[in-house]
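Please walk me through this structure in plain paragraphs.

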Amino acid sequence: MEATVAHVERILAIVFGIVVFFVAAIALRNDWKSQGIENQVFKIMLGLLALGAILGILAALGVLIGKGVA
Amino acid sequence: MPENRDPVVHLDRQFWIVTAVLGVLALISIFWWVWAPITSIMPEAVDKAQQIDALFRFLAASGTALFIFICGYILYFSLAFRRHAGTPENAVGIQIHDNNKLEFWWTLAPTVFVVIMAIFSLRIWYGIEVAPSNTLVVEAIGHQWYYTFRYPNVNGEVKEMHLPLGQAVTLHVTSSDVIHSFWIPAMRLKADMVPGLINTFEFTPTRQGRYEIICTEFCGLNHGLMHSGTTVNPAYVYIDPPARYASWYARTEREQIHASNAIEAASTSELKLNGGEPRDGAKLFAAKCSACHAAGPFDQKIVGPGLRGVLDDPAHPNLVDGDKATPENVAKILQNGFKGSMGQMPNQAANGLSNKDIVNLVAYLKTLK
Amino acid sequence: MAVASVTHGAYAGVMSEEPDQLYVETRELRIQGFLLFMVSDLVLFSSFIFAYLYLRNSGQGWPAGGPKLDIALAAVNSIVLFGSGATMHFALENWKHRNFTKFANWIVMTIILGAGFLSGQVLEYIHIGARWSSGIFGASFYTLTGMHGLHVFAGIIYLTVLLLQAAQGKYTFTKYTGLTLGTLYWHFVDVIWVVLFSIFYLL
Amino acid sequence: MTAVAAHAGGGLADHIHPEPQGFIRKYVFSIDHKIIGIQYMITAFLFMILGGMLAELIRVQLMKASGGLMTPETYNEVYSVHGSTMVWLVIIPLLTGGFGNLIFPVQIGARDVAFPWLNMLSFWLFPPAGLMLYASFLMGAPTAGWTEYPPMSLNAYGAHDGTSMWAAAIFLIGVSSTMTGINFLVTILKMRAPGMTFTRMPLFVWGQFVTAPLLMIATTALGAALAALFVQRQFGVAFFDPTRGGSPLLWQHMFWFYSHPAVYIMILPAFGMISEILPTFSRKPIFGYKMIAFSSCAIAILGFMVWAHHMFTSGLAPALQLPFMVLTMLIAIPTGVKIFSWVTTLWGGVIHMTTAMLFAIGFLATFTLGGITGVFLAAVPFDLHAHGTYFIVAHLHYVLVGGSLMGILAGLFYWYPKMSGRLMNEKLGKWAFWLFFIGFNGTFLPMHWLGMWGQPRRVAVYDPQFQAWNQVASWFSFVMTAALILVLFNALWSMRNGKRSGPNPWNARTLEWQIPSPMPYYNFKHVPSVFAAPYDFAEPLPYRGLEEELT
């Protein structure tokens, strides 16, 4: 039972992680030329968001796992 | 802009005379620091002390010379360019803004000085931090408010520190309670004694005598007494000629072995482990053991491991000496102490435990789950 | 300009469809001030992250075999929070395109996802079963994630207030500094989680 | 003349919130930067009296090697609260909240800071925090010094309950400092008058400009450390307790990551003050303007990279000691450049020996000594001897009293007319200066050799062989206290009886002197345009649009 919950969680994380990654990446591309200090910060943050999505996917796939994390 | 319109200035004779006078004063101060009788006030007891004093002489000489120049010029300029009674209210000074050449030189000069000082310091620092092999390893432990020492092959902690003249020493310092500091002014060396951490330095005693140890890190109510004024045992290091050191060491080793022999005899008489009082054991644990052992899980290491579940830990079925974790074997370690590659624990006598105490402690340890 | 003529107005922008000079400059001040606030908040997190790494590497008392963290839950939960960053981005974009309904929908979505993340964190806390005061793992994990959770919680309230204010007409389609700041804040909370997720679950 | 900036309309600086009416909104919960500055100063000087009394208790206790005035327990409380007071409730608030608020917005031609309301909030966190610190005496004040190293700051090792109160109080001060830093930074970045480029800013503004990021970043790190100490004490969260896997050294890292930059928070604004006062009373441009400004930046940046030099004896990894030692020594270079520039500013001037100028010159001498001993301590081998002794006490008082406080007193005499419209009494002022200078050096100079010979700091009793020099220090400390009382008396007395100053009694050239004294609510009727740095005493004033200010 425990294992199936974890499986569902992993699959959800991967599917939505891909969605979030593409949303962030496309938003970043659309905003690429915007001016103003707040937009520069937005761009950095969208980039980090995309990175976060990738990390989430990799964690769900079991590629990146910390020491002693179940 | 105005920078380009700075007037060309010439320094007058008076300025150069003052500079010459300051130069002479600075030279005098340098000579003073080079030959200052530092050792007549504070003897240099170890090799490193001479090197650190050399660095100090260098720092003090250059610092004083610099100070003389700066203060001399401040004083001279303040007096020489003081507004006189007759000067009109709207008089202005010489309108110079900067001088690239001058600023270049006075940026370069401290830079060079810093480089020299850094190299000088590094060389001495290297000698302090990097221990040669073949040293005598001594451990100093800070307590509120006294020091104890451990010597190789000597059971338990001794209350005096003796070092042989001419023998390189590696000193490990740590603490059993709060942060103390271990400073011997005659050695010009100091290290903080931090609980759960071992700090190390190395030196070779070069001068016989008795020198004071002082605590310089605030450690509670009697911090001000934690030197030779302490009420428990005065903090001194004795640097002895090798022969006298050897006899002290032999005597100490013998006395400490006597102490453990007595325990050996006691341990032959089997302890009856039932009937111990866990509550008394808990008090004893807090007083005698908690400096080195937590009541928490095994990984909570202070000096030794945490002791929760010591008698019932599937991850660690054996004790440190390899025996099974039974109450009897725990009692054995409490009686005899332990010495091994992982560290050591004082025996019954050194810890001041009676047989009854051991029974109570084992009873308490059983309750830690 | 005489004193009398400049002493009205304060820093509040005058409501009109096109931004005036005062509004533009006040907006810059507020955004810059807010960014600096974020920098100092980042320092706060960084300090505790330093404390965590220091304690973890000082080698005493870190749970043997590691803490019992649930990486599957954390992964999906992280994606929920990152997704809320994406929805918040849509909300602001729709405001810029003068579509209030879509803005409101996306911001509600963001709030729901934020709340979902917090619930996930509660599950994780229950799963771990350690306590704040139990050892250095408890100290660093619960302090950092707890601080972050408080930021998310504050963010949910912040966004709710912004939504209500927008509904009451406090912001126009040309003057919406408050919404920009809210979005910045929410993204900041997301990005902090990228770091926390990495150091606790992936390191 | 061509250099007036393109956006000469004045922009944001044109706008000002309406003048509030009624005593409360005008003088208590005021959002006017000048009133807030004065509020900071009054509060901080009140705390200085308290902290000074604690200092005298310390010196009286140390008159005798066996102590005698207080128990060690009380003594530990006294010096801990003395240190905390002087650092957080006196020097930092005076230099940033006090003089910073009062002067720098006017110097950049602004009508207020960027966030006046936040400014008020910053101030109103300060008195409650101070009261909390002193309230900790009721439940047992902190005893482990202003640094509060664990484990001594944990109750299991003898700390008092008030230590948590201390942490909370300093946390509040930290929040206040952070907000001030953000406020000042945005103000300087965004609200300068037209034409006020960075290289035309008065050097006091430069001082505040480099201090603001330190306030903003370093103080937040302190907040984290204090929060961790607080939860460690109150909820048993094992950050620092060595018996539960925590690390006492972690606190030292977190604390000094703040407290070393804090040293520069306490000195950079004072550098700025000195850089205003020296040229004004020498009637000469400051020598090497750019070098002074940029060296402040260098000091601020280096200041973040040297914190562990407070931990050379604590058990820092040898590989870390090296970079920290070298980086610390590097700070000597920009500092040296500054001192050389100041001394050269005196050369060829027409020096008006006012009290402010005396204090500024005194600052040069004493701060130089403090700086030199600072370089000594950067050398690890010397630090191994001097760390934790009275040598440190001497060094830190030379930079904080001989540096920061001297700067503050110079600034007080210099800018007093801008607060009150009157001058402080010069004769009393000069007496105060000489008493202060002699008293200060007599108190702290002997501590150098006391420390070298073996007197550790934070001791309630000490080796009797040091008693003579301790008595010298104590007697001179009474002289210093008398001088400070004289200064405070002078400030009070001059409020009513001082000579009227007029707008510009010193013939100074920065913007605050071109408007009436005391400064009007709106600062400027017209925001001026600026077309040069303010130090060319032979030239006409480099401002346009000030014609109506004094009418």
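A crossing of two helices is called left-handed if the near helix is turned anticlockwise from the far one by less than a right angle, and right-handed if clockwise. Helices (H or I, at least four residues) and strands (E, at least two) are DSSP runs, numbered from the N terminus. By that rule, H3(B) passes H4(B) in a left-handed crossing.

The model is predicted: local features need pLDDT of at least 70, side-chain atom pairs count only at pLDDT 80 or more, and totals for chains, interfaces and linings use all residues. Residues are numbered from 1 along each chain as its sequence is written, while chains are lettered from A and ligands numbered from 1 in the order in which they are written.

Helix H3 (residues 47-80) and helix H4 (residues 100-129) of chain B have axes that come within 10 Å and cross at roughly 165°. Axes here are lines fitted to C-alpha atoms, for helices over the stretch in contact, and angles run from 0 to 180 degrees between N-to-C directions. H3(B) is therefore roughly antiparallel to H4(B); angles under 35 degrees count as roughly parallel, over 145 as roughly antiparallel, 65 to 115 as roughly perpendicular and the rest as oblique. Among the residues that make the contact are Leu55(B) and Phe58(B) of H3(B) and Phe113(B) and Phe120(B) of H4(B). Two residues are in contact if their C-beta atoms, placed from the backbone, lie within 7 Å. The residues of this contact divide into 7 nonpolar, 4 polar and 1 charged. In that division Ala, Val, Leu, Ile, Met, Phe, Trp, Tyr, Cys and Pro count as nonpolar, Asp, Glu, Lys and Arg as charged, and the others, Gly among them, as polar.

The crossing of H10(D) and H11(D) is left-handed. Residues in the contact include Ile339(D) and Trp342(D) of H10(D), with Leu364(D) and Val375(D) of H11(D).

How do the chains meet? Among the 4 pairs of chains that touch, chains B and D have the most contacts. Chain D gives 74 residues to the contact and chain B gives 77 residues. H10(D) supplies the largest share of the side of chain D that touches chain B, 8 residues. That side divides into 48 nonpolar, 19 polar and 7 charged residues. Chain A and chain B have no contact, and their closest C-alpha atoms lie 15 Å apart. Chain A and chain D do not touch either, with nearest C-alpha atoms 13 Å apart.

Some local features remain. A cis peptide bond, with omega about 0°, joins Gln144(B) and Trp145(B). Trp145(B) lies in the loop between strand S1 (136-143) and strand S2 (146-150) of chain B. In chain C, Arg98(C) has a positive phi of about 60° although it is not a glycine.

Last comes confidence. The model scores ipTM 0.89 and pTM 0.87. Chain D has a mean pLDDT of 92, and 97% of its residues reach 70 or more; pLDDT is the predictor's confidence in each residue, from 0 to 100. Over residues 1-13 of chain D, pLDDT stays under 50.
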